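Subject: Handover of a structure and its description

Dear colleague,

Please find the structure for your studies below.

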Amino acid sequence: MAKLFTEEENTLLTRTGPGTPMGTLMRRYWFPAFLSERLPSTDADPFEINLLGERLVAFRGRSGQVGLMDARCPHRRASLVLARTEDDCALRCIYHGWKINADGRVLETPPEPPNSRFAQSVRHTAYPTREAGGIVWTYMGPPELRPEFPMWPFNALSGDQVWANHFYQPSNWLQGLEGDLDAAHGGYLHYSRDEWERQRNSNSRLGKFLFDPRPQTAAEPASWGLQTAFRYHLEDESEAVFWIHPLVSPFFTMFSHAEDGVDGGLFHAWVPSDDTSHYVYSVVWRAGGPLTASDRARIDTTQGYTAVDKGNGYVSANWDGYRYRQDRASMTEGRSFSGFEGVHLQDLAIQHSMGPIVDRTGENLCTEDYLVIQARRFFLETLKKLERGEELPGLAPDMDYSAIEHRWVFAPADTSLAEVLASKDWDSSAEENTRDVSTVKDAWSALGH
Ligand code: FES
Ligand SMILES: [Fe+2]
């Protein structure tokens, strides 16, 4: 059987360094560079971060502005991570004292003769930054093509309405993103008995969420990417919940997120660090008011961020060099399908297990993988648009990131996915669970345990 994706296509989609097609595409968008908390104050130490295969230094100037530039001094390439921070958002290299500001201008070259104009002839690679919702964003593309800063729904809110986190994942960005388009894995990889009990006893209509072993999916092209829908049956199998779940170019997705009691949503981004690692971002927001300390603690747990090692580059604290401390007893005792606790650890462990860059020529894709296939086709088509110089998804001047639809919809199970994608007039309320939940089928029984 012919393979759906060739080695050349796999290489095209997974390489994001300077000059690569996918890297060039990604550099046309604003995206998260790191969490603001990594530079908590103006005297925070500069730190090194790789983004899209570029070795960068991040620092905060006395004004509070964040600088992001090539980590190697333009003089003789000493590390600017060791540099002194100066009062006007600039770094001074400790080797020979060159001073470089956040715009990439070399302000001083002290060992040069007093009248030297040499400094003005040197440009250092530096990228603009914007801070919003606890995230420092950057744009690494050509200055003349820089789009407006994207007003994702949470970027317009105050910091107390936004929960933002990231962790480092040692695998290629695409296998991370593809996890969000994989509708069927939720009932397997993410199954935990405690979580199942919590949901079935909850007051939410989603408490009726049945372990659906064969969810259906559909996708429609949108001006900003691919609008997708997943269908999962509810307890009464004549009803279903449909997730309207956008994939936004080049590596963003959004979900509705009533589950954590928030009226906003959940945003994900898979930002390549280099070709064999990336940062996975999650943002949860409440449009109607602040998230309390207890909301944040709950989201930390449900999103699986309690075991991120912040002091060690945001790697998983469960990484033991082998298998993320998989709890085999929890598998045999029926507490967990995967032996991993928390959605993110489950995704991280399984995606890392696929290798640093999946060899997609070895796959056997099936019906279940419809959206994964559509997403790869979308990226390949977008690369063709880039090559032809056409407008890229999400970069039209009137693009409104706050209007991208992302929600849960309750509807009769025989509603077609096309109808759900075509109409905005669906019931999205997750409140009120009036029916007896004692008859909810148990996912674990469905698996034959
Ligand atoms: S290497 Fe940085 S000033 Fe010389
Ligand atoms: Fe997942």
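How many helices and strands are there in the chain? The chain has 10 helices and 21 strands; helices (H or I, at least four residues) and strands (E, at least two) are DSSP runs, numbered from the N terminus.

Before the details, two remarks on conventions are needed. This is a predicted model, in which local features need pLDDT of at least 70 and side-chain atom pairs count only at pLDDT 80 or more, while totals for chains, interfaces and linings use all residues. Residues are numbered from 1 along each chain as its sequence is written, and chains are lettered from A and ligands numbered from 1 in the order in which they are written.

Overall form

The C-alpha atoms of the chain fill a box of roughly 85 × 45 × 45 Å along the principal axes. Of the 449 residues, 40% are buried. A residue is called buried if 20 or more other C-beta atoms lie within 10 Å of its own, exposed if 12 or fewer, and partly exposed in between, with C-beta atoms placed from the backbone. Among contacts between residues at least 6 apart in sequence, 61% join residues at least 24 apart; two residues are in contact if their C-beta atoms, placed from the backbone, lie within 7 Å.

The two domains

The chain is divided into domain 1 (30-145) and domain 2 (158-446), with bounds that come from an automatic or database domain assignment. Their centres, taken over C-alpha atoms, are separated by 35 Å. Where the domains touch, 10 residues of domain 1 are in contact with 12 residues of domain 2. On the domain 1 side, strand E1 (30-35) and strand E2 (47-51) are the elements that give two or more residues, and E1 gives the most, with three. That side has six nonpolar, four polar and no charged residues. Here Ala, Val, Leu, Ile, Met, Phe, Trp, Tyr, Cys and Pro count as nonpolar, Asp, Glu, Lys and Arg as charged, and the others, Gly among them, as polar.

Strand E1 is mostly covered, since five of its six residues are buried. E1 pairs with strand E11 (residues 135-139) in the antiparallel sense over five bridges; two strands pair if DSSP finds at least two bridges between them. In this pairing, proline 32 stands opposite tryptophan 137 in E11.

Strand E2 belongs to an open sheet of four strands, with the order E2-E3-E4-E9 and antiparallel pairing. E2 and strand E9 (126-127) are the edge strands, each pairing on one side only. Within the sheet, strand E3 (residues 54-60) and strand E4 (residues 66-70) are joined by five bridges, and alanine 58 has leucine 68 in E4 as its bridge partner.

Leucine 52, in the loop between E2 and E3, has phi near 50° and is buried, with 24 other C-beta atoms within 10 Å. Arginine 77, in the loop between E4 and strand E5 (84-86), has phi near 75° and is exposed, with 12 other C-beta atoms within 10 Å.

Other places in the chain

Which residues of helix H1 (residues 7-14) are buried? They are Asn10, Leu13 and Thr14. These residues cover an arc of only 90° around the axis, which puts them on the same side of H1; the arc is that of the directions from the helix axis to the C-beta atoms. What covers them includes helix H2 (21-26), helix H3 (173-180) and helix H8 (370-388).

The peptide bond from serine 249 to proline 250 is cis, with omega near 0°. Proline 250 is in the loop between strand E15 (239-248) and strand E16 (252-255).

Threonine 415 is in the loop between strand E21 (407-412) and helix H9 (417-422). With 17 C-beta neighbours inside 10 Å, threonine 415 counts as partly exposed. Its C-alpha atom is separated by 9.6 Å from that of arginine 231, 184 residues apart along the chain.

Yours sincerely
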